[in-house]
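Visitor: I have a structure to read and I am new to this. Can you take me through some side-chain contacts?
Guide: Gladly. Here it is.

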Amino acid sequence: MRRALPTLLAVAVALILVVGEAPLARGYNITRMLAAHPEFSTFNHYLTVTRLANEINRRQTITLLAVDNSGMAALLAKHFSILTMRNVLALHILTDYYGSKKLHQLTHSSTLASSVFQSSGRAIGTTGYINITDHRKGRVTFSSEDAGGAPPVAFVKSIKEMPYDLAVLQVSSIMSSPEAEAPVAPPSPVNLTELMSRKGCRAFADLLLATSDVLENFESNLNDGLTVLCPIDSAIRAFADKYKNLTAPGKASLLLYHGMPVYYSPQLLKSKRGAFTTLATDTHNKKYKYTVAKDGDAITVKTHIVSATITSTIIDQDPDAIYAIDKVLQPQELFKPEDAVTPAAAPAASKKHKHGAVVAADGPSDATSDEDAADNAAFRAGAAGRWFTASAAAMAVLVLAV
């Protein structure tokens, strides 16, 4: 057994090194991927304009059927609205992985795949499904369920593959689908304060109406993307005294702190890492940020002062989303940790900086840390976790050997 120990030790060390070097899973950036291929610049542009790029980036398993610039010309010649264009392109995003190898290993040489158009709820019946067929001599074609006799499009080549997660494939042209190409009525204009007032956030809506320049800031983002976290009426009433003590600029900053100049669906809120930029961030040198944590279906927004939970979705209609929260978000730029109302419990440990300033133990003192820092921290945490797991496995090998 002693003779075997050196070999077992070597195996254990190798296990630690291999697992420790395993890459941490990262999100996709389809815009960046396609930017490396200028022949798909038009297709890439419309993925961004229709906000489908965000849809792709947030999904774990996806296949994109990309069309080059010449193939996009026929689609653009139809002069579809952006909403109709979104439906047509959503038909080219499959919600499962189909790498080039898998395309030639289809059971019975064909399969039916769901698209983002189907999962969006806009497709009638099964019109958002795509028929994939592997013909003789390696030829693969794609066609929509309601192609209406239009010829299928052909697989040309693989552009990018991350096995079992992401596949970007070139197809010969845009698939035909009368359902996807049907005119789409534009959504009715979003009236922020009216929606809030009807859904339990009347007090917050009244604060916005009383501060016209702040309301204009919110409304100016409606077309490009806006997410609002509006405190429910009871939360505003509990916070009223603190709000009255703020200066006029402080009140404006606090209200702007509850808006983000980007559309976040519930799924995007849960999946995004790092600090969230707010409407107050733009004018305050990268400050006024917070993070979001998920616990099952619950979504919690955390500042360095307070944590608030999303209690309901008032509207989730890309490019706008409004969520009700159970507390007023308090930025550390306006409040100190001791100002926040906390449960009667043992105080959290604190630490002092060089100049004696006390900092809450649940977060750093500098709110200007950006998303890159958060990503780096996540990477370090993942690397540490892999090292611990590998070490434990190695120790188990040695113990069993003894």
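Visitor: Are R59 and E55 buried or exposed?
Guide: This is a predicted model. R59 is buried, and E55 is buried too.

Visitor: What do the side chains of R59 and E55 form?
Guide: Start with the general idea. Side chains of opposite charge can pair when their charged atoms come close. Here R59 and E55 meet in a salt bridge, at 3.0 Å from N to O.

Visitor: How many salt bridges does a search of the whole structure find?
Guide: Five. Among them is the one between E181 and K78, at 3.6 Å from N to O. That pair links distant parts of the chain, 103 residues apart. E181 sits in helix α9, and K78 in the loop between α5 and α6. K78 has a relative accessible area of 46%, so K78 is partly exposed.

Visitor: Which residue forms a salt bridge with D297?
Guide: K270 does, with the closest N and O atoms 3.9 Å apart. D297 lies in the loop between β10 and β11 and K270 in helix α15, so the pair ties together parts 27 residues apart in sequence. D297 counts as exposed, because its relative accessibility is 72%. K270 is partly exposed at 27%.

Visitor: How many disulfides does the search find?
Guide: One. C201 and C230 form it, with sulfur atoms 2.3 Å apart. C201 is in the loop between α10 and α11, while C230 is in strand β8.

Visitor: Why is the disulfide of C201 and C230 right-handed?
Guide: Look at the torsion about the S-S bond. It is about 70°, so the disulfide is right-handed.

Visitor: Why does C201 count as buried?
Guide: Because its relative accessibility is 0%. C230 also counts as buried, at 0%.

Key:
Residues numbered from 1 in each chain as written. Predicted model: local features only at pLDDT ≥ 70, side-chain atom pairs only at ≥ 80, totals over all residues. Heavy atoms only, no water. Disulfide = S-S within 2.5 Å. Helix = DSSP H or I, 4+ residues; strand = E, 2+ residues; numbered from the N terminus. Buried < 20%, exposed > 50% of the residue type's maximum accessible area, 1.4 Å probe, protein only. Salt bridge = Lys/Arg side-chain N within 4 Å of Asp/Glu carboxyl O.
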